[in-house]
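Biologist: I would like to learn how to read a model of this kind, one feature at a time. Please give the general idea before each case.

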Amino acid sequence: MFIEVVKSKIHRVTVTQANLNYIGSITIDEDLMDAANIIANEKVSIVNNNNGERFVIKGERGSGVICLNGAAARKVQPGDIVIIMAYALMTPEEAKSFTPAVIFPDTATNKLI
């Protein structure tokens, strides 16, 4: 049996853009992706007052960009604080000893602290 557990988490980042006419779902600065162990096209959950499951698209490294794209842009406004989470399937035994990658960027700049 496998269970789904949080693998990665970018805790409290500020939405910098919302682009309704862009193909894709979310653009994240690659520095944040690397630090949180999230890869392009990985399924993520984005928590703002509403929840949505989206795909990750690489953002320019070091830019601090957090941009919700396409239909997802309707779920946020620039300045909103969001939490981005990715998940992994593992056995209960693996999950007991697994430590997720959790990062806490500066919400004013979205840069790693």
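Modeller: Start with the nonpolar core, which is a set of buried Ala, Val, Leu, Ile, Met, Phe, Trp, Tyr and Cys residues joined through side-chain atoms within 4.5 Å. Buried means under 20% relative accessible area, exposed means over 50%, and partly exposed lies in between, with a 1.4 Å probe and protein chains only. This is a predicted model, in which local features need pLDDT of at least 70 and side-chain atom pairs count only at pLDDT 80 or more, while totals for chains, interfaces and linings use all residues. Residues are numbered from 1 along each chain as its sequence is written, and side-chain values use heavy atoms, with hydrogens and water left out.

Biologist: Which residues have the most contacts inside the largest nonpolar core?

Modeller: They are Ile-10, Ile-28 and Ile-84, in a core of 20 residues. Two or more residues come from each of β1 (3-14), β3 (26-29), α1 (30-36), β4 (43-47), β6 (66-69) and β7 (81-90). Helices (H or I, at least four residues) and strands (E, at least two) are DSSP runs, numbered from the N terminus.

Biologist: What is Ile-10 in contact with, leaving aside neighbours within four places in sequence?

Modeller: Contact means heavy atoms within 4.5 Å. On that basis, the partners of Ile-10 beyond four places in sequence include Ile-28, Leu-32, Ala-36 and Ile-38, and also Val-82, Ile-83, Ile-84, Ile-103 and Pro-105.

Biologist: Ile-38 is on that list. Where is Ile-38 found, and is it buried or exposed?

Modeller: Ile-38 sits in the loop between α1 and β4. Ile-38 counts as buried because its relative accessibility is 3%. With residues up to four places away left aside, Ile-38 has contacts with Lys-7, Ser-8, Ile-10, Met-33, Val-44, Val-56, Ile-84 and Ala-86.

Biologist: That loop also holds Asn-37. What should I look for in its phi?

Modeller: Most residues other than glycine have a negative phi. Asn-37 has a positive phi, near 60°, and Asn-41, in the loop between α1 and β4, has a positive phi near 75°. Asn-37 is partly exposed, because its relative accessible area is 44%. Asn-41 has 58%, so it is classed as exposed.

Biologist: What does Arg-61 touch, not counting residues up to four places away in sequence?

Modeller: Arg-61 touches Asp-29, Glu-30, Asp-31 and Asp-34. Its place is in the loop between β5 (51-59) and β6. With 41% relative accessibility, Arg-61 counts as partly exposed. From Arg-61 to Gln-77, 16 residues away in sequence, the C-alpha separation is 22 Å.

Biologist: In which helix is Pro-92 found?

Modeller: Pro-92 is in α2, residues 92-97. Its relative accessibility is 21%, so Pro-92 counts as partly exposed. Outside four places in sequence, Pro-92 is in contact with Met-1 and Ile-3. Pro-92 and Leu-32 are 60 residues apart in sequence, and their C-alpha atoms are 28 Å apart.

Biologist: How many helices and strands are in the protein chain, and in what pattern?

Modeller: There are two helices and eight strands, and the pattern along the sequence is β-β-β-α-β-β-β-β-α-β. Among contacts between residues at least 6 apart in sequence, 83% join residues at least 24 apart.

Biologist: What does the radius of gyration say about the whole chain?

Modeller: The radius is taken over C-alpha atoms, and the globule rule is 2.2 Å times the number of residues to the power 0.38. For 113 residues the rule gives near 13 Å, and the chain has 14 Å, so it agrees with a compact globule. The C-alpha atoms fill a box of roughly 40 × 30 × 25 Å along the principal axes. Of the 113 residues, 41% count as buried.
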